Amino acid sequence: MATSTAAAPADPSLPDRLRSEVDRAIQRHLKGLAFLGSPAPPVGLTPRTLLHRRGTLGLYHYHPTASEVYRVPILFVMATTNRAYIFDLAPGQSLVEFLLARGHDVYVMDWEAPSDAERALTLEDYTLDFIPDCVRRVQTDSGVDDVTVIGYCMGGILATIYAALHPGGPLKNLVCFTTPIDFSQMALWRTWGDERHFDVDRLVESVGNIQPDFIVGAFDLLRPAGLVAGKVRLWDNLWNDEYVKSYRMMDRWTAETLPLPGAYFRQVVKELLRRNALCEGSLRVGGKPVDLKRIKVPLLHVIAAHDHIVPPACAAPLVARAGSRDKEEVVLPGGHVSLVAGPNAIKRMWPKLDQWLERRST
Amino acid sequence: MVSSLIPDPLQMWRRAIATLEGSGNSLANDAMSSGEFAAALHQVANLSLGMQQTFEKVLGVYLKKLNLPSRKEIAELAAAVQRVEAKLDQLATSEARVPARPRPPRTRRPAEQVDAAVARPASAKRARQSSGGSRGKRTAKQV
């Protein structure tokens, strides 16, 4: 076993520190101007082919890069509020690129903003139509019956409901990233969504689809000081190209939050947030009960220890209640997004995911 | 070391920002967890929504009189055009895909299984050798 003999970085002398800070201050001014004038860095550069588009749904296949791939393909299900390029931010910071290099065959369900005509989309449409349709297309395209489904956040809920409603297959493995199950642990949102104050029917009837400002505002309210602190940190790190690039990619991702179909939002508020129906076992989708015990396939749930949106206690019941014999919950340091797309993800989550998948993908 | 005795004001400032952020969030969360806050929040949101809808209604009437499309209608048109473009791209790609791009074989195995498969014939060979009269040469490791 290799042992590290590297010493801790030497404490810089005062003149060195001053020199470094003056240099950074100059760089801040120079790069600050460039920051204002330059476009956001490009994202989602890994080559892919659009296999299918239907309204808000797009199914993509990423071009394999390994000379030999695992038998079972992977289908990512993104949360309907966000673009799936969070899995493919930039070369070297892309989960998709990593999985391709490790010999996995990757498909992604990505979303466009729903049109006004799609305001009536519900959980039923996502879990009994879109996901099964994409699974069938992945089976046809890959020529393999088994499919591994990976869901992130609300995409994890859709994948979980799909798995519970299709215990007979063709799902081979289920992987969820930071997926909320017990909504009673989301204290603030439960208070804000209380029916005594919030008339969700009136909102949905008034606006149709829920606009991104509303969704981003609700997320921002969870950490109001984070907005200011984030800007201060950006200014402090303007000299650091890597920090600025990461910041801008994440900022772009947040700014490109998608509207939510009104009917789907209404269901999430009433069934999941208020009644906590998924956790309590009383959720019905398409008239069928959604029972987590009916999930029998191998299950991995990766939870972020410092997730302020989906706290670990909110995510934990998935593994506890699933009927799978082969199931594992992994809590890793990081936040809701840095779990999948930050430097910590590259070091911790991606290798863990690959290690878990490789033994179950043959 | 002289420098370690002199506090770094910028580091102190950075730590203060992190502390303030944590305290600010915690205070705000406490304040926002009350029913009164939720009621006030939704009152403001409803008021804002009502004003916005009234404004959009008035503007819609004006635009109709001027025979101009609204922003929403243009956005819908743009989305429809995008969908047509995507379909065209898809058709062009499928045309170009003939003959289909060769795909790698689905035969990959996890590294540990490959190692085990490589190790198996070697150990079998050793076993054959040892059963063929070389028993006296067996090492503890082989056993």
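Colleague: Hi! How many residue pairs are in polar contact between chain A and chain B?

Modeller: Hello! This is a predicted model, and the count between chain A and chain B comes to 17 residue pairs, with both residues at pLDDT 80 or more.

Colleague: Which elements of chain A supply at least two residues each to the side that touches chain B?

Modeller: There are helices and a strand among them: H1 (14-37), strand E1 (48-54), H3 (123-142), H5 (187-192), H6 (200-207), H7 (212-222) and H8 (224-236) of chain A. The largest share, eight residues, is supplied by H8(A).

Colleague: Nice. And what does that side of chain A look like by class?

Modeller: It has 24 nonpolar, 18 charged and 15 polar residues.

Colleague: How many salt bridges does the rule find across the interface?

Modeller: Five between chain A and chain B. One of them pairs Asp105(A) with Arg106(B), where the closest N and O atoms are 2.3 Å apart.

Colleague: Got it. How many residues of each chain are in contact, and what area do the chains bury?

Modeller: On chain A 57 residues are in contact with 47 residues of chain B. Between them the two chains bury about 4400 Å², and 54% of that is on carbon and sulfur atoms.

Colleague: Changing topic: how many cavities of 30 Å³ or more turn up in the whole structure?

Modeller: The search finds one, and the largest cavity has a volume of about 30 Å³.

Colleague: Which residues line the largest cavity?

Modeller: Ala163(A), His166(A), Pro167(A) and Leu171(A), along with Arg294(A), Ile295(A), Lys296(A) and Val297(A). By class, that lining has five nonpolar, one polar and two charged residues.

Terms used:
Residues are numbered from 1 along each chain as its sequence is written. Chains are lettered from A and ligands numbered from 1 in the order in which they are written. This is a predicted model: local features need pLDDT of at least 70, side-chain atom pairs count only at pLDDT 80 or more; totals for chains, interfaces and linings use all residues. Side-chain values use heavy atoms; hydrogens and water are left out. Contact means heavy atoms within 4.5 Å. Buried area is the accessible area (1.4 Å probe) that two parts lose on being put together, summed over both. A salt bridge is a side-chain nitrogen of Lys or Arg within 4 Å of a carboxyl oxygen of Asp or Glu. A polar contact is a pair of N or O atoms within 3.5 Å; within protein, one must be able to donate a hydrogen and the other to accept it, and residues adjacent in sequence count only if both atoms are side-chain atoms. Helices (H or I, at least four residues) and strands (E, at least two) are DSSP runs, numbered from the N terminus. Ala, Val, Leu, Ile, Met, Phe, Trp, Tyr, Cys and Pro count as nonpolar, Asp, Glu, Lys and Arg as charged, and the others, Gly among them, as polar. On a 1 Å grid over the protein atoms alone, a cavity is a set of points where a 1.4 Å probe fits but cannot get out, and a pocket is an open set with protein on both sides within 12 Å along at least five of seven lines; lining residues have an atom within 4 Å of a point. Grid points are joined across faces, edges and corners, and a volume is the space filled by probe spheres set on the points.
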